[in-house]
Every structure is written in C-alpha cells, then in structure tokens.
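Try each task before you read its solution.

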Amino acid sequence: MSGVVTGDAVVLGLQPARLPSRALAVLVDLVVVWAAYLLVMLGLAVATASLDEAAVAAVSVAAFLLILVGAPIAVETLSHGRSLGKMVCGLRVVRDDGGPIRFRHALVRGAMGVVEILMTFGVVACVASLVSERGRRLGDVFAGTLVVRERLPAARVLPVPPPPPWLVGRFAGLDLSAVPEALWLEVRQYLTRARELDPAVGRRLAERLADELVARTGTPPPAGVPASAYLAGVVAERQARDTRRAFTEAGAGAGVGNRTGAGTGAGGGFEAGRVFGAPAVAVPPVVAVPPVVPPSGASPVTPPVTPPPAASPPSAPPAGGSSSGGGSSATGFVPPA
C-alpha cells in the first residue's frame, strides 16, 4: 500500500498497479485503438482516392493524431482515468493526491505515451515502471499521476482464537474503558495471525501488546500467564461484555414494549371475565345472598351464587313464606334486577 496524502492532510492507502497489470491494460487499449485506426484508414483510402499525395498524407497524419493520440486522451478525460483496458484490469489513473485526473493530466500522459509506448514499442515505459518505486512511467512522472488498483480482493475475517479454559472469567473485574480501539485492532490482528509469525517475533509482539494493555488497564496479568494467553483472555472478556450489553439493551427494549402494552389494560384494571383481544362484555355485579331458612326447621340451604340472565323472572318464594309489598321475599332473598 502507498501512503498518498490528500490536500486535506488525509493519508490514503492506495495500492499502485505494477508492470504486469499495466502492460495488459495497455495491450487491450492498443488492440482497440489500432483496430479502429485501420478501419478508419480503409475508409479514408476509398474516400481520398481522387486526391493528390499531399492531401492523402495530411489526412493520414490527422487520422493518426486523432485516433492514436486524441482518442485515448479524450477517453481518460471523460472517464476520469478509466480506459477500456484499465476497466478490464481493474485499474485507474489518479492524481498524486488521490483525486481524479483532468484534461491536462491526460494530455501530458498521452503526449509522453507517443514517445515511450508507440515510438519505442513500450521499452521506455517498461524500464521506467520497473525502476519507479510506485510503478510509474515517464508520462505519470511529468503529469503528476499514479495508476492504482481499484478492485482489491476482499480481506478474510479470521475468528479470534479462544483463551485457555483456565483463564475464562479471570478478568471479569478488569477496567477496559481506557483501552483505545486502535489497540484492540492490533491485538485482534496479532491473535488471528499468531500462527503465521515466527515464534520469537510473535513472542516479542505479544509482550509489547500486553505491556500496552497493562498500562491502559492498570492491572498486571496473573503470575505465570504467557503474554499471548493474557491477550486472548482480555479479548474474550471484552467480547463477553459486549454480548451481555447487547442482550441487556434488547431485553430493556422488549420490557418497555410489554409495559406499554400492558398499561393500556392494567391502568384501570382488567374487566372480570374479559378475554384478551375480545370486545368487553358488561358483567352484572354478584350480590351476596343469605341462607334460606325454611319454616319447618329443616337444615338451612344456601342457594348457588350464580348470576342469572338479565331477562330471567324473579324466583318464587319457598313454601310457607309470605311476600312483602316491595317485591322482595319474606326470607330476605332479593332477586336481581
């Protein structure tokens, strides 16, 4: 990766294109341009058959300049550095600061391309690209441009190896609030690629990262714990905390929703006998009924406390009882309205 600094002092990580990919892109462009040039020259040869030699030479030079020189310049200007060959190979021409090129950049590159590509069959361009640190030819040097790769392979996301079982939960009381994200990223990259490193180099890197973690947390690792195991244990503890925090926030959101839904029914109390989701039905109040005392001295009988239908007629008084003038029974049984 090449560190390109923009006008806003932002460092861009760009991968310069090397000679093989650039040569393939130039080859594709040359095939297309020369095919178009030969077709145009065949048409001009038929159209200028009646002209003299000077006119034919002038038309030929104009066609050469317009097709072999002007066409690539126009294509790079209009496509912001993407010619047909560069699009096929996933390349693009950008400025030294990472911005898109303009007409003057494409003009300088095209003019120098006539000398180092067409007139010398690409020998000068190949030598300059091999010598340059970022693979630039002379046209890129004079124009202040750089050919970079646009299509990069996707990076594989490797899982972080788990810590040893005897270290699980040992760092539950560790304060990780002062550890920056950049340090977490370095630790993760080390843990995912520790097996690919030289043992001595990996041990020194693990010790350096462990010292930085101790400086940020203020708590030294347990005695006898290797630096790599300490890093794995701390990263596992952070992942466990993030997981618990995510579940807690999800549970809190679900609890708020349940309380909001229940408050609409429980704020004033659920109606008796109401089925959730069904319309409310008015239920008559239950009236406490005293036991019926028969006149013959038999054992008292308690009538069932079942609310009769609203349209049911009043119950008849028991035998031997007398009725009063208010529509109520002599025994005290009051039928519902």
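Angles from 65 to 115 degrees between axes count as roughly perpendicular. Keep in mind that this is a predicted model.

**Exercise 1.** Work out how α1 and α4 are oriented to each other, and which residues make the contact.

*Solution.* 
- Step 1: Find helix α1 at residues 19-47 and helix α4 at residues 103-119.
- Step 2: Their axes cross at roughly 95° and come within 14 Å.
- Step 3: On the α1 side, the contact is made by Arg22, Val26, Leu30 and Trp34, while α4 brings Arg109, Ile117 and Leu118.
- Step 4: Sorted by class, the contact of α1 with α4 has five nonpolar and two charged residues, with no polar ones.

**Exercise 2.** Find the residues that form the nonpolar patch on the surface, and say which helix gives the most to the patch.

*Solution.* 
- Step 1: Select Val108, Val124, Leu138, Val141 and Phe142, which together have about 390 Å² of accessible area.
- Step 2: Turn to helix α6, residues 138-143, which gives the most to the patch, with three residues.
- Step 3: Check Val141, a patch member that is found in helix α6.

**Exercise 3.** Place Arg151 in the chain and list its contacts beyond its sequence neighbours.

*Solution.* 
- Step 1: Arg151 sits in the loop between β4 (145-149) and α7 (181-192).
- Step 2: Leaving aside neighbours within four places in sequence, Arg151 contacts Met87, Val88, Cys89 and Gly90.
- Step 3: Now take Leu91, 60 residues from Arg151 along the chain: their C-alpha atoms are separated by 7.5 Å.

Technical notes: Residues numbered from 1 in each chain as written. Predicted model: local features only at pLDDT ≥ 70, side-chain atom pairs only at ≥ 80, totals over all residues. Heavy atoms only, no water. Axes fitted to C-alpha atoms, helices over the stretch in contact; angles between N-to-C directions. Helix = DSSP H or I, 4+ residues; strand = E, 2+ residues; numbered from the N terminus. Parallel < 35°, antiparallel > 145°, perpendicular 65-115°, else oblique. Contact = heavy atoms within 4.5 Å. Nonpolar A, V, L, I, M, F, W, Y, C, P; charged D, E, K, R; others polar. Patch = residues over 30% accessible without salt bridge, like charges linked within 9 Å, V, L, I, M, F, W, Y side chains within 5 Å. Areas by Shrake-Rupley, 256 points an atom, 1.4 Å probe, with all protein chains shown as cover. Salt bridge = Lys/Arg side-chain N within 4 Å of Asp/Glu carboxyl O.
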